[in-house]
Amino acid sequence: MAADAALNTPTDIKSNAAKTVAEALNGILADSYALYFKTKNFHWHVSGPHFRDYHLMLDDQATQILATTDAIAERVRKTGNTTLRSIGDVARHQTIKDNDADFVAPDAMLAELRDDNLKLVASLREAKDIVDAARDNATSGILDDWTDQAEERAWFLFEASRKA
């Protein structure tokens, strides 16, 4: 049996639609990993008078983002497709930009993460249209939850960055 046949999970979603769903989800998975790592990076390197609050918030957000990755990958597999396999694969699919700067001011960290979460929201909404067209009801419902979580993270980052 060929390796690709061994991973051919049965699904009632038409093959072209399932492939389109998988491509959208793999993009979201890549961006989720990129956002997770950036959030952890900022968590590790935040400084300043609001250190504790930002440090804890960013850790909570990173944990929430990482928790979605397994569910995203499993939805790809349930549609009969394969998912990302490596850091290099993530890098090839991600649209959220890395931040390798030696120092980022806390306000800039919060703004960048807010914008990245809003970019993820836009991708989730695009994916929602794709999965609805494919009649993938299970993925559609989960996308609503992931969208709500990303919107909440963006809201918290916005509020935390406001000046008194």
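Trainee: Which residue just after α3 takes a positive phi?

Mentor: Glycine 80 does, with a phi of about 85°. Keep in mind that this model is predicted.

Trainee: Which residues of α3 are buried?

Mentor: Buried means under 20% relative accessible area. In α3, the buried residues include Tyr54, Met57, Leu58, Gln61 and Ala62. Further along, Ile65, Thr68, Thr69 and Ile72 are buried too. Ala73, Arg75 and Val76 are also among them.

Trainee: Now the helix pair. At what angle do α5 and α6 pack?

Mentor: Helix α5 spans residues 106-133 and helix α6 spans residues 137-161. They pack at about 165°, with axes 9 Å apart. Angles over 145 degrees count as roughly antiparallel. Therefore α5 and α6 are roughly antiparallel to each other.

Trainee: Is their crossing left-handed or right-handed?

Mentor: The crossing of α5 and α6 is left-handed. By class, their contact has 15 nonpolar, five polar and seven charged residues.

Trainee: What about the largest nonpolar core: which residues have the most contacts inside it?

Mentor: Leu25, Ile28, Leu58, Leu124 and Leu143 do, in a core of 35 residues. Helices α2 (15-45), α3, α5 and α6 each supply at least two residues of this core.

Trainee: Which helix gives the most to this core?

Mentor: Helix α2 does, with 10 residues.

Technical notes: Residues numbered from 1 in each chain as written. Predicted model: local features only at pLDDT ≥ 70, side-chain atom pairs only at ≥ 80, totals over all residues. Heavy atoms only, no water. Buried < 20%, exposed > 50% of the residue type's maximum accessible area, 1.4 Å probe, protein only. Helix = DSSP H or I, 4+ residues; strand = E, 2+ residues; numbered from the N terminus. Axes fitted to C-alpha atoms, helices over the stretch in contact; angles between N-to-C directions. Parallel < 35°, antiparallel > 145°, perpendicular 65-115°, else oblique. Left-handed = near helix turned anticlockwise from the far one by under 90°. Nonpolar A, V, L, I, M, F, W, Y, C, P; charged D, E, K, R; others polar. Core = buried A, V, L, I, M, F, W, Y, C linked by side-chain atoms within 4.5 Å.
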